[in-house]
Every structure is written in structure tokens, then in C-alpha cells.
Amino acid sequence: MTDLTACGSKYIEIAKGVHVQCAKSGKNCLAAGAVCEPEKIEKTLAFRSSDAAGAPAGWNYLTSDPADSNTCNTYRFSPGWTGTSFWPPKLAGVVGLEENGKTLLDWSKMDWSTNFKQYIGPGNSATFDMNFCDSVSMKLFVAVPWHQDFPQRDAPLQYKDSSGNWQDSAASRRLVTGYGMFSLSNNNAKNLVIGPASETSRFWRVKWSTYDYMGGFQATVSR
């Protein structure tokens, strides 16, 4: 192995022409016995609306299928967000979802200064589609209900394989009780939680055969 910068290196060479990130240390990484592995970047994206004010930074909403678009970092819920309600939503002021002492969804520190479409549904045969600029793995996906009277329905997480075909992910799925988006929601609203997934792809979606009122989506991905 070749230590690229001698002391406190960020990268080392593990094979000819192959470099990986090394854990930072005040000493020579190799001498310190640091574990070196490819750099992993994890990001959580909150898809609160089809309106720009509720989109993740750098993402754009499409009315057509993002998988057919040449523009990446795009998303769509088909058939679309429906409208607005009392403002601000419940999730502007509370931690939305916790499980076994771990916070799964917290939108309370986000910008809620602009009113945007905040609910969806109900209906049949819907998909939430995401087109990423890089191939990612889905660490966690959360579908937020409107409130406790409209529990989330089970739906598979899917990805496009290297042949361009949609496949079901092996990621586990469960309903976790927390808050919904509606301003008067209590903490008995059932959120759909999926993940982690072991597969990687640029194209991901969740596909419902039937769905009730919903309030938004969150995806935590790594690459």
C-alpha cells in the first residue's frame, strides 16, 4: 500500500490506480491501523410537496415519469399532490416519527414559511418515482400519512436493474406509528417505513395498488 500524503492522509492506494478514503487521524493512517474504505455519502431528502417550496434543494418535480427524463434529481407522485389545508402542518412543530428511541423523520427545523400543496389522494394505482444523478442504495424510505384516520397502505419499494427492468427490492416494510402531515394529526398515524435496501440504482419508486390520503415522502440514500 502507498500512503499518498504520508501523515494524516485522506486517501491511500489499495491497488494500482485504486484509491480509497482513509479515516482521518493525527498520525499516519496506515501506522494507526485505520480502517480504509470507499467514501460513503448519506443524505436525507424530504419530498413535502410537488411545489418548489416543498421540494428538496436541487430537485425538480416532473409531471411525466422521471425514469424517462434526461434530467436527474427529479421526482413525481402520480397522480399528484392535491391541495392545501390549515397551515402550518403538524410536522412543522414536532418530531414526526420515532422507532425504538431512534428518530426516523423530523421536519420540524425545515422552512415552513411558504404555504404549499401538502396532501394527496385517495385513489388507486399510484407511484412515487425518483431519478437520482448517481446510483444509490435506499437506506430508509418513509411515506407519511395525512393523519391517524388514514393509515398508510403497504407498498413495495422497486428499483431499475442494469437491464432497465423494474424489480422489487428485498427491503423490509412495516407500519410505524407517529404523526401525519395534517395540522390536527395526533401521534397515532401509521407511517409506511421501508428499508434498508441492499440494491443500488439511479431509479427508485414505491408503487401502491390502492392508497389513502398522504402527506409526503422521505428518502435516506447512500452512495
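How many helices and how many strands does the secondary structure of the protein chain come to?

**Figure 1. The whole chain, before we zoom in.** The answer is zero helices and 18 strands. Keep in mind that this is a predicted model. The protein chain has 223 residues, and buried ones make up 45% of them. Now for the contacts between residues at least 6 apart in sequence: 68% of these join residues at least 24 apart.

**Figure 2. A close look at the disulfide between C72 and C133.** Search the whole structure and you find one disulfide. Its partners are C72 and C133, with their sulfur atoms 1.9 Å apart. The two cysteines come from distant parts of the chain, 61 residues apart: C72 sits in the loop between β6 (60-61) and β7 (74-78), while C133 belongs to strand β12. The link is right-handed, with 80 degrees about the S-S bond. In general, a bond of this kind is covalent and joins the sulfur atoms of two cysteines. Are these two cysteines buried, partly exposed or exposed? C72 is partly exposed, at 26% relative accessibility, and C133 is partly exposed too, with a relative accessible area of 34%.

**Figure 3. E98 on strand β9.** This view moves to β9 (residues 97-99), the strand that holds E98. Once residues up to four places away in sequence are set aside, E98 touches T103, L104, V176 and T177. Look for G178 as well: E98 and G178 are 80 residues apart along the chain, yet their C-alpha atoms are separated by 6.9 Å.

**Figure 4. The largest pocket and its lining.** How do you spot empty space in a structure? Rolling a probe the size of a water molecule over the atoms shows where such space is left. The largest pocket has a volume of about 270 Å³. It is lined by 19 residues, and the ones nearest its centre are K102, T103, L104, L140 and T220. Two of those names, T103 and L104, already came up as residues that E98 touches. Strands β5 (42-47), β10 (102-105), β12 and β18 (214-222) each supply at least two residues of the lining. Sorted by class, the lining has eight nonpolar, five polar and six charged residues.

Figure 5. About 210 Å³ is the volume of the second largest pocket. The elements giving two or more residues to its lining are β5 and β12. Which element gives the most to this lining? That would be β12, with four residues. Among the lining residues are I41, K43, L45, W59, F132, D134 and R223. C133 lines this pocket too, and you'll remember C133 as one partner in the disulfide. By class, the lining of the second largest pocket has eight nonpolar, one polar and three charged residues.

Methods. Residues are numbered from 1 along each chain as its sequence is written. This is a predicted model: local features need pLDDT of at least 70, side-chain atom pairs count only at pLDDT 80 or more; totals for chains, interfaces and linings use all residues. Side-chain values use heavy atoms; hydrogens and water are left out. Contact means heavy atoms within 4.5 Å. On a 1 Å grid over the protein atoms alone, a cavity is a set of points where a 1.4 Å probe fits but cannot get out, and a pocket is an open set with protein on both sides within 12 Å along at least five of seven lines; lining residues have an atom within 4 Å of a point. Grid points are joined across faces, edges and corners, and a volume is the space filled by probe spheres set on the points. Ala, Val, Leu, Ile, Met, Phe, Trp, Tyr, Cys and Pro count as nonpolar, Asp, Glu, Lys and Arg as charged, and the others, Gly among them, as polar. A disulfide is a pair of cysteine sulfur atoms within 2.5 Å. Buried means under 20% relative accessible area, exposed over 50%, partly exposed in between (1.4 Å probe, protein chains only).
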